[in-house]
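Thanks for coming, everyone. Please take a look at the structure on the screen.

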Amino acid sequence: MAFFVSFLVWFNHAPLMSSIREQFGLTASEVNTLLLLNVALTIPARILIGMLVDALGPRRVYSLVLVVSGLLCIAFSLSTTFEQLAVTRFLLGFVGAGFVVGIRLISEWFPAKELGLAEGIYGGWGNFGAAFAGLSLPALALWFGGDNGWRWAVGATGIISIFYAAVFYALVRDTPKGSTYFKPKRGGAMEVTSKGDFVLYVVMNLPLFFALALIVWQLGPYKLGMLGVPTTYLLYGVIGVMAAFQFLRIWQINGHVFQRPVPAFDRYPFKQVALLNLVYMASFGSELAVVSMLPLYFLDTFDISPMLAGMLGGSFALMNLFGRPGGGYLADRYGRKMITILMLAGIAVGYFFMSRIDSSWPLPLAVALVVLCSIFVQGGCGAVYASVPLVKRRLTGQVAGMAGAYGNVGGVVFLVVLALVPSEQFFLVLGLIALAIMTLVMIFMDEPDPQTSEVMPDGSVRMIDVT
């Protein structure tokens, strides 16, 4: 329910954008700016929240996320200028980071053999919050009535978020009674356990800052023109400072691996994290991009009404309710690696056939293909988070945060690709990327070990069954 509320708040503006555009007289560039800003902050926020949840626990962190997001949501509903809309929408990207809190919480409460299904239900139900916003908020705005109906509808979701934060804080425990909540030894960056993993961790951080720079470029004077030249270069500088600080922190946390080896019982392969990042980029990242363009794609390709095009476009996200739990369940039962490969193969084939759709296709066949491709996309997301909690118990929040951030990186990069090439080439690019990542998974991914080890607070070592 917390993740459902998170997505309800995160995407509450989308179904009401026509009213917002009309009241503020927004241009197409300003509308695109709001859509882009809505996902921008989520990239660094998921990394930060992943660190916080490992250190402070899910109960406190998710309650904080819901309260802050609710207040920001109310601020968005009270905006009187485009600048206020833009700033509050950018800050509301913070709510998308709530996803990683639940990943850690569920991993504490369910046995490893059921994690894929449990995490899939969590992820699918949360993503359904965006679809529920589209179904309910226009009607709620109409019920309030008047030019400010959209404000009351958006503000109501903020109040729900604050109310549910209190419910969550009162009723949730971080672990079952008697269980130990394992925490990282040091905060600020993920722990790695070898020299090679250190280098790979640094390399895998680079796309996160590249995506932020890409957003600034999109908003800058050479694209949407929403930022001036001085502001653009100032933001580039800020991103550079953030990157330098992150790399310094990585060295402070992990520089010891160049001086002495980490004990064998405490090691884990960071390549697992890197591969899960890429798989989530191919699955959830492509979903973010496709959901953004699909209604207009149906409208331009087939002779249908805008309302029908919007409903058909929403079918892609609706499959979250079934695809994510299904992918997680299959990964639990038949193996994480095999199911991840199968889902990536389905994504690649699905996007390849979607690249062949044109106006000569029967509309029901095109919709059936889109829904089938969506099932593999959501199943890939479920397979990723069936594996995330099994990498290293005390780092689950950080692993989930990094993989989640890569999903947003994929969304940003793929949306830029969409702006540069026709739709059929866009789908083909998505399919080729999924195929390349599938090859890497086949070669390098390992099935989780049947046991992992964690250091207890008293210094003793506990073996934990994970399969």
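K392 is buried, and D266 is buried as well. Keep in mind that this is a predicted model. These two residues form a salt bridge, with the closest N and O atoms of K392 and D266 3.4 Å apart. The pair links distant parts of the chain. K392 sits in the loop between α16 and α17. D266 sits in the loop between α11 and α12.

How many salt bridges does a search of the whole structure find? The count is 5.

Next, K271 and D446. Their closest N and O atoms are 3.1 Å apart, in another salt bridge. K271 lies in helix α12, and D446 in the loop between α18 and β1, so this pair ties together parts 175 residues apart in sequence.

Are these two residues buried, partly exposed or exposed? K271 has a relative accessible area of 29%, so it counts as partly exposed, since that value falls between the 20% and 50% cut-offs. D446 is partly exposed too, at 32% relative accessibility.

Now a network. Salt bridges with shared partners join D54, R104 and E108. Take R104 and E108. Their side chains meet in a salt bridge at 2.9 Å, N to O. Where do they lie? Both are in helix α7, which covers residues 98–109. They are 4 residues apart, about one turn of the helix. R104 is buried, and E108 is buried too.

Note on methods
Residues are numbered from 1 along each chain as its sequence is written. This is a predicted model: local features need pLDDT of at least 70, side-chain atom pairs count only at pLDDT 80 or more; totals for chains, interfaces and linings use all residues. Side-chain values use heavy atoms; hydrogens and water are left out. A salt bridge is a side-chain nitrogen of Lys or Arg within 4 Å of a carboxyl oxygen of Asp or Glu. Helices (H or I, at least four residues) and strands (E, at least two) are DSSP runs, numbered from the N terminus. Buried means under 20% relative accessible area, exposed over 50%, partly exposed in between (1.4 Å probe, protein chains only).
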